[in-house]
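Hi there,

Here is the structure I promised to pass on to you. Have a look at it first, and then read my notes below.

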Amino acid sequence: MKCSKNVFMLAVLALGVSVAFAQDRRRQIEVFAGAAIPLAPQAFKDYYKVGGSLHGQYVLFPKPNLGVSLGLAIEGFTVDQDAVLADYGLTGTDATIEATASIFEIGVGIRPYLTPQTASTQFFLFGMGTYNALSEEATVTYLGQTASAKVDGNKVGLAAGAGVELPAGEKVNLIVQGLTRFIFTEGSTTSFMGVTLGVVF
C-alpha cells in the first residue's frame, strides 16, 4: 500500500541521517506501557473504557539535542456495556454487548530535547507520523438473538506530545511520556491520549 511504503521510506531516511552525522548521544531502546484515554469521535469516547498501551522504540541521535525514533505500538480498548445499554434504553433488559477495538501502529518520529545533553533530567517534545492497522469487533445479544460485526482498516495518523527522561541507574533511565494520537478515519478523526511509563536501555 502507498501509505505503508511512505512510512518505510521515512524509516530508511531516518537510518541514513543517523549514519551521516557523528553521534555524541548513544542510541537507545525504549519499552513503555500505560493508559490510552479515548477522546474522539463521540461514540469512541462514550462507549469505550480507558484502554491499555504498549510501545517499543529505537531512538537514533543525528544531533545531541535531536532524536529520531522508529517504533511499534499496540493499543486495546473494551466496551463500556452499561453506557451503551443506557444510551439505547436497554438497561435492565436481557441485552448484552461485547466489543473490542485495537490499533497496531508503526511510527517514525522526531524528538527535540529542551535540555542540554549533560543534564541528568531530560525534557523533550515529540512528533510522529504513523501507519495504523485498526480492528473493531462487536457481538450483541438481545431477546435470545445474537448478531456480530467486525470492521478492519489501515489508516495514517499523527501524534504529538512531550515527556521527561529520568536517571534510574548507570545504564538505565526511566521515561514518562504523554501523547495525543490522531488517526484519519473516514468522516472523522479518531483520537486518544496516551500516558505511559517506561524503561530506557
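**A charged network and a nonpolar patch**

Glu105 counts as buried, because its relative accessibility is 3% and the cut-off for buried is under 20%. Please keep in mind as you read that this is a predicted model.

Which residue does Glu105 form a salt bridge with? The partner is Arg181, and the closest N and O atoms of the two are 2.9 Å apart. This pair links distant parts of the chain, since Glu105 sits in strand S4 and Arg181 in strand S7, 76 residues apart. Arg181 has a relative accessibility of 5%, so Arg181 counts as buried too.

Arg181 also forms a salt bridge with Glu75, where the closest N and O atoms are 3.8 Å apart. Glu75 lies in strand S3 and Arg181 in strand S7 (residues 173–185), so this pair ties together parts that are 106 residues apart in sequence. Like Arg181, Glu75 is buried. Through shared partners, the salt bridges join Glu75, Glu105 and Arg181 into one network.

How many salt bridges does the count come to? The count is 3. One of them is between the side chains of Glu30 and Arg111, at 2.8 Å from N to O. Why does this pair tie together parts that are 81 residues apart in sequence? Glu30 belongs to strand S1, whereas Arg111 belongs to strand S4 (residues 96–112), so the bridge runs between those two strands. Both Glu30 and Arg111 are buried.

Now for the surface. A nonpolar patch there is formed by Ile29, Val31, Leu54, Leu72, Ile74, Phe104 and Phe201. Together these residues have about 630 Å² of accessible area. Which elements give two or more residues to the nonpolar patch? They are strand S1 (28–40) and strand S3 (66–78).

Leu54, one of the patch residues, is found in strand S2, which covers residues 51–63. Is Leu54 buried, partly exposed or exposed? Leu54 counts as partly exposed, because its relative accessibility is 47%, and that class lies between under 20% for buried and over 50% for exposed.

When you open the model, you could start with Arg181, which forms salt bridges with Glu75 and with Glu105. After that, find Glu30 and Arg111, which meet in a salt bridge, and then go to the nonpolar patch on the surface, which includes Leu54.

Happy exploring, and write back with any questions!

Best wishes

Notes:
Residues are numbered from 1 along each chain as its sequence is written. This is a predicted model: local features need pLDDT of at least 70, side-chain atom pairs count only at pLDDT 80 or more; totals for chains, interfaces and linings use all residues. Side-chain values use heavy atoms; hydrogens and water are left out. Patches are made of residues with over 30% relative accessible area and no salt bridge: like charges are joined within 9 Å, nonpolar side chains (Val, Leu, Ile, Met, Phe, Trp, Tyr) within 5 Å. Accessible areas come from the Shrake-Rupley method with a 1.4 Å probe; for residues, only the protein chains shown count as cover. A salt bridge is a side-chain nitrogen of Lys or Arg within 4 Å of a carboxyl oxygen of Asp or Glu. Helices (H or I, at least four residues) and strands (E, at least two) are DSSP runs, numbered from the N terminus. Buried means under 20% relative accessible area, exposed over 50%, partly exposed in between (1.4 Å probe, protein chains only).
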